[in-house]
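Here is a short briefing on one protein chain. Look at the structure, then read the points by topic.

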Amino acid sequence: MGYPYKIILCPVDFDDNSMAALAQARRLAIDMGATIHLLHVLPILPMLADHGVNVGGDEAAEKQAQSQLKDLVRRRLTRTPAEIHTHIAFVSEVPKAILAFARDLNADLIVMATHGRTGVKHLFFGSVTEAVVRNAVCPVLTLRFTSEAEPKREAAKPATAAKATAPSKKKAGASR
């Protein structure tokens, strides 16, 4: 475990954020000659177990996840050493599953996206990334990606603030 990283774990949930994190993991793997280990944890809802539904694992869902991971390797990780892994866990156990896998793999680095939830959403859904960062035994590179609409909105705010401060400068100059 150490730099340069040779074993990079990249947990994915197939959303745009995790795909962007995968692109960053690929760049690191190419630069360092590392292998990327893609991990998808299939979440199970505890309610299903309470109602007698078999939660030992849905083979169809796991096969679909493996197929999606293979497709990711084929489309996005050409000429990059990669291995795919799936794991089934209760929703609340997803961070623990990622951490256990990282330890078993002896990962040098974990690269994952954060969704940036705050407030009530964070309270109810928690943060898988936050739990991984707090408990990982190796470095964790977290990346937050935003839509293109958000930076435009943020860029407009400083311009408005600059206009608001301009008149006060004129007043200060006028009183001299």
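Leaving out residues up to four places away in sequence, threonine 129 touches Met112, Ala113, Thr114 and Thr142; contact means heavy atoms within 4.5 Å. The model is predicted, so local features need pLDDT of at least 70, side-chain atom pairs count only at pLDDT 80 or more, and totals for chains, interfaces and linings use all residues. Residues are numbered from 1 along each chain as its sequence is written, and side-chain values use heavy atoms, with hydrogens and water left out.

**Threonine 129**
- Threonine 129 lies in helix α6 (residues 128-135). Helices (H or I, at least four residues) and strands (E, at least two) are DSSP runs, numbered from the N terminus.
- Threonine 129 has a relative accessible area of 9%, so the residue is buried. Buried means under 20% relative accessible area, exposed over 50%, and partly exposed in between (1.4 Å probe, protein chains only).

**The sheet**
- Five strands form an open sheet, in the order β3-β2-β1-β4-β5, with parallel pairing. Two strands pair if DSSP finds at least two bridges between them.
- The edges are β3 (82-90) and β5 (140-144). Each has a single partner strand, so one side of each lacks a neighbour in the sheet.
- On average, neighbouring strands of this sheet are turned by 25° against each other, direction ignored.
- Nine bridges join strand β2 (residues 35-44) to β3 in the parallel sense. Leucine 42 has isoleucine 88 in β3 as its bridge partner.

**Helices across the sheet**
- Helix α3 (residues 59-76) lies across β2 and β3 and runs at about 150° to β3. Axes are lines fitted to C-alpha atoms, for helices over the stretch in contact, and angles run from 0 to 180 degrees between N-to-C directions.
- Helix α4 (residues 94-105) lies across β1, β2, β3 and β4 (109-114). Its angle to β2 is about 150°.
- Leucine 105 belongs to helix α4. With a relative accessible area of 18%, leucine 105 is buried.
- Leucine 105 and leucine 9 are 96 residues apart in sequence, yet 8.5 Å apart in space, C-alpha to C-alpha.

**Helix α1**
- Helix α1 (residues 16-32) has 17 residues and should span 24 Å at 1.5 Å a residue. The expected span is 1.5 Å times one less than the number of residues. The end C-alpha atoms of α1 are 25 Å apart, which agrees.
- Among the buried residues of α1 are Met19, Leu22, Leu28 and Met32. Their cover includes β1, β2, α3, β4 and β5.
- Glycine 33 follows α1 and has a positive phi, near 65°.

**An aromatic pair**
- Rings of Phe, Tyr and Trp (its six-membered ring) pair if their centres lie within 6.5 Å; planes under 30 degrees apart count as stacked, over 60 as edge-to-face and the rest as tilted.
- The count by this rule is one aromatic pair. The rings of tyrosine 3 and tyrosine 5 have centres 5.4 Å apart and planes at 85°, so the pair is edge-to-face.
- Tyrosine 3 is exposed, at 65% relative accessibility. Tyrosine 5 is buried, at 17%.

**Confidence**
- The protein chain has a mean pLDDT of 80, and 69% of its residues reach 70 or more. pLDDT is the predictor's confidence in each residue, from 0 to 100.
- Confidence is highest in strand β1 (residues 7-11), at 98, and lowest in helix α7 (residues 149-174), at a mean of 45.
- The pLDDT is below 50 over residues 149-176; this stretch has two contacts in the model beyond near neighbours in sequence.
- Where pLDDT is low, the predicted coordinates should not be read in detail.
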